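Work through the exercises below with the sequence and the 3D view at hand. Try each task before reading its solution.

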Amino acid sequence: MVINDTRVAILGGKGMLGTDLAGVCERQGFNVKVFDLPEFDITDSQQLKQAVKAAGIIVNCAAYTNVDGAESEAELAYQVNAEAVGRLGAIAKELGKWVLHISTDFIFDGWLDRPYIETDSPNPANTYGKTKLAGEQLLSDSGCKYCIIRVEWTYGSAGDNFVTKLLQRAKDNKTIKVVDDQLGSPTATTEVAKVISRLLPKMPEGIFHFASAGYVSRYEMAKFIFEKLVMDVNLLPCKTSDFSAPAARPLNSRFDCSKISALLDEPIRPWQEPLEGFLRKL
């Protein structure tokens with residue numbers, strides 16, 4: 001299918017994923033419009049309607065992403081991650097627009113003993129996950145044409161993430177503990193952006209999982225980072241239960257990405273390649 005309208009509105013376009021996506025889409029010839037705070041607030045109905053009117057395709061990267069913060073700011077997290085997404089769906093339905101919405105592995109509790117597929121039953125273990133799941137459900141209920149891509153363990157140059165926080169900690173401490181019981185796929189936002197740009201012309205509908213190929217623990221990921229950067233750090237494994245955090249984390253974030261793979265024209269790269277490239281740029 002060929003899209004006639006190449007105008008793409010990226011909501012949350014100044015965030016980690018949105019920044020990379022805007023760049024990729026522009027290079028692919030899309031006419032990109034970026035909407036983000038402080039000028040644009042996704043919870044403002046009028047601003048949201050204007051943004052949807054301004055494009056043929058809407059990609060929603062806007063989200064409240066402070067996982068621990070959501071426990072004490074549940075109402076704000078719900079407004080951004082759920083209510084606004086439902087409203088986006090209703091406006092898109094009214095105007096006949098297709099929406100691509102970004103969701104998360106946190107809609108699952110992480111207790112499954114295999115990689116998650118799209119039809120597995122969600123059961124969020126924290127408030128952030130609950131608000132993201134509510135957003136998915138409200139978007140679906142709106143009746144608009146939509147695609148949801150769930151991503152996990154993302155990192156990029158335009159925001160705080162596990163990689164940047166780890167390196168910051170290594171500046172201040174020579175001994176660092178990292179959990180070895182959380183498993184997933186480190187996924188560069190540049191990789192997510194490339195995949196989205198390839199899907200936009202096809203306008204698929206439904207829910208898809210995307211992550212880099214292969215799985216690793218947070219501890220093994222940290223070890224990989226320090227080895228590649230030749231950093232002298234005493235890295236010690238520990239358990240998630242050793243840390244007290246306001247929000248529970250899923251231990252298993254692994255995704256089965258075979259559904260989205262069938263739509264892509266090239267294989268998903270293993271997690272080590274983009275991460276090594278990201279570290280080189282640092």
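**Exercise 1. A helix and its packing**

Task: In helix α8 of this predicted model, find which residues are buried and which elements they pack against.

Solution. Step 1: Locate helix α8, which covers residues 218-228. Step 2: Pick out its buried residues, which are Arg218, Tyr219, Met221, Ala222, Phe224, Ile225 and Phe226. Step 3: Look at what surrounds them. The buried residues of α8 pack against the helices α6 (162-172) and α10, and against the strands β7 (175-179), β11 (216-217) and β12 (234-238). Step 4: Move on past the end of the helix. Just after α8, valine 230 has a positive phi of about 50 degrees.

**Exercise 2. Tyrosine 155**

Task: Decide whether tyrosine 155 is buried or exposed, and state which residues it contacts.

Solution. Step 1: Find tyrosine 155 in strand β6, residues 154-155. Step 2: Compare its accessibility with the cut-off. Its relative accessible area is 1%, and buried means under 20%, so tyrosine 155 is buried. Step 3: List the contacts, leaving aside neighbours within four places in sequence. Tyrosine 155 then touches Met16, Asn161, Val163, Pro186, Thr187, Ala188, Thr189, Trp271, Pro274, Leu275 and Phe278. Step 4: Check for polar atoms. A polar atom of the tyrosine 155 side chain lies 2.9 Å from the backbone nitrogen of leucine 275. Glycine 206 is 51 residues from tyrosine 155 along the chain, and their C-alpha atoms are 25 Å apart.

**Exercise 3. The second largest pocket**

Task: Describe the volume and the lining of the second largest pocket.

Solution. Step 1: Take the volume, which is about 270 Å³. Step 2: Turn to the lining. It consists of 17 residues, and those closest to the pocket centre are Thr190, Pro274, Gly277, Phe278 and Lys281. Step 3: Assign the lining to elements. Those that give two or more residues are α7 (189-199) and α10 (272-281). Helix α10 gives the most, with six residues. Step 4: Sort the lining by class. There are seven charged, five polar and five nonpolar residues.

**Exercise 4. An aromatic pair**

Task: State how many aromatic pairs the structure has, and classify the pair of phenylalanine 108 and tyrosine 116.

Solution. Step 1: Search the whole structure, which gives five aromatic pairs. The ring centres of phenylalanine 108 and tyrosine 116 are 4.1 Å apart, and their planes are at 15 degrees. Step 3: Planes under 30 degrees apart count as stacked, so this pair is stacked. Step 4: Check accessibility. Phenylalanine 108 and tyrosine 116 are both buried.

Note on methods:
Residues are numbered from 1 along each chain as its sequence is written. This is a predicted model: local features need pLDDT of at least 70, side-chain atom pairs count only at pLDDT 80 or more; totals for chains, interfaces and linings use all residues. Side-chain values use heavy atoms; hydrogens and water are left out. On a 1 Å grid over the protein atoms alone, a cavity is a set of points where a 1.4 Å probe fits but cannot get out, and a pocket is an open set with protein on both sides within 12 Å along at least five of seven lines; lining residues have an atom within 4 Å of a point. Grid points are joined across faces, edges and corners, and a volume is the space filled by probe spheres set on the points. Helices (H or I, at least four residues) and strands (E, at least two) are DSSP runs, numbered from the N terminus. Ala, Val, Leu, Ile, Met, Phe, Trp, Tyr, Cys and Pro count as nonpolar, Asp, Glu, Lys and Arg as charged, and the others, Gly among them, as polar. Buried means under 20% relative accessible area, exposed over 50%, partly exposed in between (1.4 Å probe, protein chains only). Contact means heavy atoms within 4.5 Å. A polar contact is a pair of N or O atoms within 3.5 Å; within protein, one must be able to donate a hydrogen and the other to accept it, and residues adjacent in sequence count only if both atoms are side-chain atoms. Rings of Phe, Tyr and Trp (its six-membered ring) pair if their centres lie within 6.5 Å; planes under 30 degrees apart count as stacked, over 60 as edge-to-face and the rest as tilted.
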